[in-house]
Amino acid sequence: MYFVTMSRNYKFHNKSGLYFVSFATVYWIDVFTREAYLSILADSIDYCRKHKSMEVYAYCFMPSHVHLIFRSSNDDPSGLIRDFKKHTSKKIMTAIEKNPQESRKEWLLWMFEKAGKKNATISKRQFWQQHNKPIELWSDKVIQQKIDYIHNNPVESGFVTDPVDWKYSSARNYQDDQTVLEIDSDGYLFGLTKL
């Protein structure tokens, strides 16, 4: 019998488990409105899949946050997400600093510094909120619910009318479109069928 564990303290208890995670920028700032910053996320996921034992089964990049269903095949989901967030925060902040087209540059950097000053563990700027709220997924039904939630996020936000129309979403992958980012589909997701 399959069941779902939803830890109240949001920890990665099962190191080899399948997890739904969401993480957002500080103050829910809409950073991911430019292709350059979205590409950094996609490239970083691709790198983690190829070199850091990340298996990605669903994703969606929204203007202020990211949703993932993933698994760490080397049993270190916490370290994997920590390293991903650390890497992407540095790359995106550098991209903002160097982007001559970024009209919000000073404001964005000021907001990241403001967030960093509130956090004793941050030396200068903070890009991501610290929590990931991992939820371990154990049943076909709940996995499907989370995939539907992820794919419908851009629809619910009013950006598109069909999930497949959101460029940075695995809804496209489930329609055999791997052009933006490849995902894993090796049967780990029990008997899950394509949407």
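**Strand and helix packing in a predicted model**

Q: How many of the eight residues of S2 are buried?
A: In this predicted model, S2 is largely enclosed by the rest of the structure. Strand S2 covers residues 54–61 and is an edge strand of its sheet, pairing on one side only.

Q: What is the order of the strands in the open sheet?
A: The sheet is open and has four strands with antiparallel pairing. The edge strands are S2 and S4 (135–137), each pairing on one side only. From one strand to the next the twist averages 25 degrees. The order is S2-S3-S1-S4.

Q: Which residue in S3 stands opposite Ala 58?
A: S2 and S3 form a hairpin, with three residues between them. Their pairing is antiparallel and extends over seven bridges. Opposite Ala 58 in this arrangement stands Ile 69.

Q: Which residue in S3 is the bridge partner of Ala 24?
A: Strand S1 comprises residues 18–24 and strand S3 residues 65–72. The two strands pair in the antiparallel sense over seven bridges. The bridge partner of Ala 24 is His 65.

Q: Is Ser 64 buried or exposed?
A: Ser 64 is found in the loop between S2 and S3. Leaving aside neighbours within four places in sequence, Ser 64 is in contact with Ala 24, Thr 25, Trp 28, Ile 29 and Asp 30. The cut-off for burial is under 20% relative accessible area. Because the relative accessibility of Ser 64 is 6%, this residue counts as buried.

Q: What distance separates the end C-alpha atoms of H1?
A: Helix H1 (residues 35–51) lies across S2 and S3, running at about 165 degrees to S2. At 1.5 Å a residue, the 17 residues of H1 should span 24 Å. The distance between the end C-alpha atoms agrees with that expectation, being 24 Å.

Q: How many nonpolar, polar and charged residues does the contact of H2 with H3 have?
A: H2 and helix H3 (residues 105–117) pack at an angle of about 145 degrees, with their axes 9 Å apart, and H2 passes H3 in a left-handed crossing. Met 93, Ile 96 and Glu 97 in H2 meet Lys 105, Leu 108, Leu 109 and Phe 112 in H3. By class, the contact has five nonpolar, no polar and two charged residues.

Q: At what angle does H2 run to S3?
A: Helix H2 comprises residues 77–98. This helix lies across three strands, S1, S2 and S3. Relative to S3, H2 runs at about 140 degrees.

Q: What share of the contacts with a separation of 6 or more involves residues 24 or more positions apart?
A: The chain has four helices and four strands, which run β-α-β-β-α-α-β-α from the N terminus on. Of its 195 residues, 50% count as buried. Among contacts with a separation of 6 or more, the share from residues 24 or more positions apart is 69%.

Note on methods:
Residues numbered from 1 in each chain as written. Predicted model: local features only at pLDDT ≥ 70, side-chain atom pairs only at ≥ 80, totals over all residues. Heavy atoms only, no water. Pairing = 2+ DSSP bridges. Axes fitted to C-alpha atoms, helices over the stretch in contact; angles between N-to-C directions. Contact = heavy atoms within 4.5 Å. Expected span 1.5 Å × (residues − 1). Buried < 20%, exposed > 50% of the residue type's maximum accessible area, 1.4 Å probe, protein only. Left-handed = near helix turned anticlockwise from the far one by under 90°. Nonpolar A, V, L, I, M, F, W, Y, C, P; charged D, E, K, R; others polar.
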